[in-house]
Amino acid sequence: MPDTEKRSDGWALYEVFIRARSGLDHKHVGSVHATDARMALEHARDVYTRRQEGVSIWVVCSSDILASDPAEADALFEPARDKVYRHPTFYDIPDEVKTL
Amino acid sequence: MSATAPATAASSAAEPAPRLRYVLRLADASLILAQRLGEWIGHAPALEEDLGLANTALDLMGQARLLLAYAGELEGQGRDADALAFLREEHEFLNPMLVEQPNGDFAHTIVRQFLFDAWQHDLYTGLASSSDTRLAAIAAKALKETRYHLTYSSGWMIRLGDGTEESHARMQRALDALWPYTNELVETDGIDREMIAAGVAPPMAPIAAAWSARIDAVLREATLKRPHAVSFRWYGKQGHHSEHLGYLLAEMQHLPRTYRGASW
């Protein structure tokens with residue numbers, strides 16, 4: 001069991017990711033409370049897959065996720081704004097390439 | 001009409017009775033436990049558990065519907081699943097007494113669920129290859145649900161049994177209180193033996209052994225003590241019930257009995 005940050009009553013928040021169909025990505029759908037990862041998986045199944053929403057579930061303890069700080073958004077994301085040349089739209093694709 | 005026809009008709013008319021009772025036992029076990037679990041809705045210790053218990057209740061209700069519909073056909077009196085669920089009297093219910101026991105605290109609910117799930121899992125595994133193809137199909141479908149229920153209740157048995165001093169004490173108390181009701185789950189009476197002989201029900205000895213071993217394994221991990229066997233016997237499956245079932249049925253049945261034929 002990962003060393004997770006728990007509330008005083010022993011429960012912790014887990015983020016839930018569901019894969020809707022084979023071949024698709026797991027998508028974040030919400031969160032559940034649980035005392036351990038195994039319970040979180042069962043809760044995710046009971047809360048988020050009641051209507052056949054998924055074929056696979058991931059749970060991650062919320063405290064194990066390191067999130068970017070919104071206050072640093074300028075420093076993190078602004079510098080990319082004027083670098084449109086990073087989009088692959090400046091290349092002529094040869095006619096011979098069919099499946100790109 | 002051939003000379004043998006009346007005899008055949010008579011034997012086939014007499015034949016469903018034990019089978020009907022056997023199917024009702026299975027149906028009522030699921031139905032009554034579903035009703036009990038439904039009482040938790042809005043009261044469970046966490047929103048997630050609320051949904052978890054409700055999901056299990058709905059699975060059991062689904063099993064009961066299929067089994068009661070089959071029972072209605074076996075009976076041949078034109079009664080459907082609703083009529084059997086809502087218009088039978090207390091002594092006509094054939095569920096084991098375990099499932100009608102009150103929810104108590106969460107420990108009682110979990111122990112009752114675990115004892116039931118372990119039994120249903122092993123019994124339905126056998127029923128899935130019943131000579132009665134209808135029953136076999138229902139069991140195979142239910143088994144997928146039961147596997148999850150057993151994982152869920154085993155997880156809580158271990159978590160709370162091997163949890164705090166308080167949770168351990170509550171779990172042991174619940175186990176001691178409910179254990180005597182397990183006798184009738186794994187013992188056979190005349191109807192069971194007749195169904196086993198017909199290949200409808202699986203032989204009980206291997207199921208009782210598997211059930212017992214499964215219980216021991218989880219109790220060991222949960223650091224709980226298996227209570228001593230008691231000689232007293234309860235026979236809910238023969239229609240003898242504790243005082244709790246009447247109240248449960250009053251709540252479950254009063255609407256359809258007051259408004260006959262009411263629908264959503």
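How many C-beta neighbours does B:A140 have inside 10 Å, and does that count as buried, partly exposed or exposed? Hello everyone, let's begin there. B:A140 has 15 C-beta neighbours inside 10 Å, so this residue counts as partly exposed. The scale runs like this: buried is 20 or more other C-beta atoms within 10 Å of a residue's own, exposed is 12 or fewer, and partly exposed is in between, with C-beta atoms placed from the backbone.

Before going further, a word on what we have on screen. This is a predicted model, in which local features need pLDDT of at least 70 and side-chain atom pairs count only at pLDDT 80 or more, while totals for chains, interfaces and linings use all residues. Residues are numbered from 1 along each chain as its sequence is written, and chains are lettered from A and ligands numbered from 1 in the order in which they are written.

Back to our alanine. B:A140 sits in helix α6 of chain B. Helices here are DSSP runs of H or I with at least four residues, strands are runs of E with at least two, and both are numbered from the N terminus. Between the C-alpha atoms of B:A140 and B:L127, 13 residues apart along the chain, the separation is 7.8 Å.

Now look at the helix pair. Helix α5, residues 106-127 of chain B, and helix α6, residues 133-161 of chain B, have axes that come within 7 Å and cross at roughly 145°. Those axes are lines fitted to C-alpha atoms, for helices over the stretch in contact, and the angles run from 0 to 180 degrees between N-to-C directions. Sorted by class, the contact of α5(B) with α6(B) holds 15 nonpolar, eight polar and two charged residues. For the classes, Ala, Val, Leu, Ile, Met, Phe, Trp, Tyr, Cys and Pro count as nonpolar, Asp, Glu, Lys and Arg as charged, and the others, Gly among them, as polar.

Next, the core. In soluble globular proteins, nonpolar side chains tend to be buried together. The largest nonpolar core in this model has 65 residues, and B:V23, B:A27, B:L67 and B:V111 are those with the most contacts inside it. A core here means a set of buried Ala, Val, Leu, Ile, Met, Phe, Trp, Tyr and Cys residues joined through C-beta atoms within 7 Å. Helix α5(B) gives the largest share of this core, 12 residues. Let's zoom in on one residue. Setting aside residues up to four places away in sequence, B:A27 touches B:A64, B:L67, B:L68 and B:A71; touching, or being in contact, means that C-beta atoms placed from the backbone lie within 7 Å.

Which strand order does the open sheet have? It is β2-β1-β3 of chain A, three strands with antiparallel pairing. Strands pair if DSSP finds at least two bridges between them. Because β2 (26-34) and β3 of chain A stand at the edges with a single partner strand each, one side of each is left without a neighbour in the sheet. From one strand to the next, the twist averages 30°.

Strand β1, residues 12-19 of chain A, pairs with β2(A) in the antiparallel sense over eight bridges. Among the bridge partners in β2(A), A:H33 goes with A:L13, and A:A34 goes with A:A12. The two strands β1(A) and β2(A) form a hairpin with six residues between them, and A:G23 in the turn has a positive phi of about 95°.

A:Q52 has a phi of about 60°, in the loop between α1 (37-48) and β3 (56-61) of chain A. With 7 other C-beta atoms within 10 Å, A:Q52 is exposed. B:T223 has a phi of about 55°, in the loop between α10 and α11 of chain B. B:T223 has 13 other C-beta atoms within 10 Å, so this threonine is partly exposed.

Finally, where do the chains meet? The contact takes eight residues from chain B and 11 residues from chain A. On the side of chain B that touches chain A, α3(B) gives the most, with four residues. By class, that side has three nonpolar, three polar and two charged residues.

Definitions and conventions
Two residues are in contact if their C-beta atoms, placed from the backbone, lie within 7 Å.
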